[in-house]
Amino acid sequence: MRSERQTVFHDDETQERHGRVTILDVAAAAGVSKSTVSRILDERLPRSESDTARRVRQVAGDLGYVRDVSAASLRRGQTNTIGVIVPRLTDTVMAMLYEALARACARSGRFAIVATTDDAPRADRAAALSLLQRGVDGLVLSTAREGDDFAQELADRGVPYVLALRSDGRSLASVGDDRLGGYLATRHLLDLGHRRIGIIAGPSYASSSRGRLAGYRQAVQEAGLEEDPALIVESTFGIDSGSEAAEALMRLERPPSALFAVNDNTAIGALSTLARLGLSVPGDVSLVGYNDIPVVSRLSTPLTSVRVPFDQIATSALELMTQGPDASGERIRIAAPTLIPRRSTGAPRKTRV
């Protein structure tokens, strides 16, 4: 029984049965061998300007021949295709990561294809199997979860893979410095004079959330403040969850004067809740998001956010997957984020300090 990969890719002779111009057609019309045509039309080789090469290219163009890149890749044992697994593309962060990976792939002559899993471990496995059956050369995963052995299963099977944005502490990974980013966001609010800062902390299963929470805690501790567990509310990365978390924080007996949301989506949800509660930003409550997705700079109150270098993360992810650790043996590459202050943050009102 033929494998799925075998049924997906066809060589040039197979194309003849489907009415397409084949490499044999070009060879016959040009009066040369099939191997000569193949060599002349292989874009990976130096371009020849001999009379034969010009004649072959002219004939190929006249006949409408299109080289079957997938068949050539199959013969080389690779497809130059990278599979990318993300929770969902409706999340702008994941869309930005995928686009960055697609650009990085294009620079190296590869192509990225994406599968979404709604951040469900079982769906991660199904997506990976489907992509591997389609012949991808490796996988980039942005769905790593604490306590999940999926990445180890891939390693045990010898599948080339790398984690992006999230880490499991063992696998090759390319991530942002989440602890630093959480620290920068919280330090910014502290420097403005805020002392009760609530955090919409994201899901605890994601290393990115845990890192940003750790940065928040570090900044609070350095400021000599006692951590208040009531000011830490776990959430998902969705808008609705951010809205609910913000409401819980603002309903406290002593509500915060500032909020740090570890994701821009949750910050947007928080912004809607603050408006519904009749609270102005930053007059009543300052707000910081994370990732700096394009829309946040265009909100009616532009959002202060922590910018993540997606292109750097994507490039490092592909390098790690292709080359492995460098001479130092470092398995995780960390890209530094940048705080982008905007109008959503300001000094607290004295009545709320």
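This is a predicted model: local features need pLDDT of at least 70, side-chain atom pairs count only at pLDDT 80 or more; totals for chains, interfaces and linings use all residues.
**Entry 1: the largest cavity**

I noted what the words mean here: on a 1 Å grid over the protein atoms alone, a cavity is a set of points where a 1.4 Å probe fits but cannot get out, and lining residues have an atom within 4 Å of a point. Helices (H or I, at least four residues) and strands (E, at least two) are DSSP runs, numbered from the N terminus.

Residues are numbered from 1 along each chain as its sequence is written, and side-chain values use heavy atoms, with hydrogens and water left out.

How much space lies in the largest cavity? I found about 140 Å³, where a volume is the space filled by probe spheres set on the points, and grid points are joined across faces, edges and corners. Its lining has 6 nonpolar, 4 polar and 4 charged residues. For these classes, Ala, Val, Leu, Ile, Met, Phe, Trp, Tyr, Cys and Pro count as nonpolar, Asp, Glu, Lys and Arg as charged, and the others, Gly among them, as polar.

**Entry 2: the second largest cavity**

I counted cavities next, and the structure holds 2 of 30 Å³ or more. The second largest cavity has about 80 Å³ of space. Its lining includes Asp124, Arg145, Asp148 and Asp168, along with Leu141, Phe150 and Leu163. By class, I get 5 nonpolar, 1 polar and 4 charged residues for this lining.

**Entry 3: the whole chain**

I stepped back and found 14 helices and 12 strands in the protein. Of its 353 residues, 50% are buried. Buried means under 20% relative accessible area, exposed over 50%, and partly exposed in between (1.4 Å probe, protein chains only). I also looked at contacts (heavy atoms within 4.5 Å). Among those between residues at least 6 apart in sequence, 71% join residues at least 24 apart.

**Entry 4: helix 4**

Which residues of helix 4 (residues 34-41) are buried? They are Thr36, Val37, Ile40 and Leu41. I reminded myself of the general rule: an α-helix has 3.6 residues a turn, so residues three or four places apart point the same way. The buried residues of helix 4 pack against helix 3 (23-30) and helix 5.

**Entry 5: salt bridges**

I looked for salt bridges (a side-chain nitrogen of Lys or Arg within 4 Å of a carboxyl oxygen of Asp or Glu). The count comes to 21.

Asp51 and Arg54 form one of them, at 3.3 Å from N to O. The two sit 3 residues apart in helix 5 (residues 51-63), which means about one helical turn separates them. Asp51 is exposed at 62% relative accessibility, while Arg54 is partly exposed at 43%. I saw that both belong to a network of salt bridges, which links Glu49, Asp51, Arg54 and Arg57.

Glu247 and Arg251 make another, with their closest N and O atoms 3.2 Å apart. Glu247 is partly exposed at 24%, and Arg251 is exposed at 56%.

Then I checked Asp284 and Arg349, whose side chains meet at 2.6 Å, N to O. This pair links distant parts of the chain, 65 residues apart: Asp284 is in the loop between helix 13 (264-276) and strand 9 (286-291), and Arg349 is in the segment after strand 12 (338-340). Is Asp284 buried or exposed? Asp284 is buried, with a relative accessible area of 14%, whereas Arg349 is partly exposed at 43%.

**Entry 6: two distances**

I finished with two pairs. Gly61 lies in helix 5 and is exposed at 54%. Gly61 and Val26 are 35 residues apart in sequence, and their C-alpha atoms are 9.3 Å apart in space.

Ala214 is in helix 11 and is partly exposed at 22%. Its C-alpha atom is separated by 5.8 Å from that of Arg179, 35 residues away along the chain.

Note on methods:
On a 1 Å grid over the protein atoms alone, a cavity is a set of points where a 1.4 Å probe fits but cannot get out, and a pocket is an open set with protein on both sides within 12 Å along at least five of seven lines; lining residues have an atom within 4 Å of a point.
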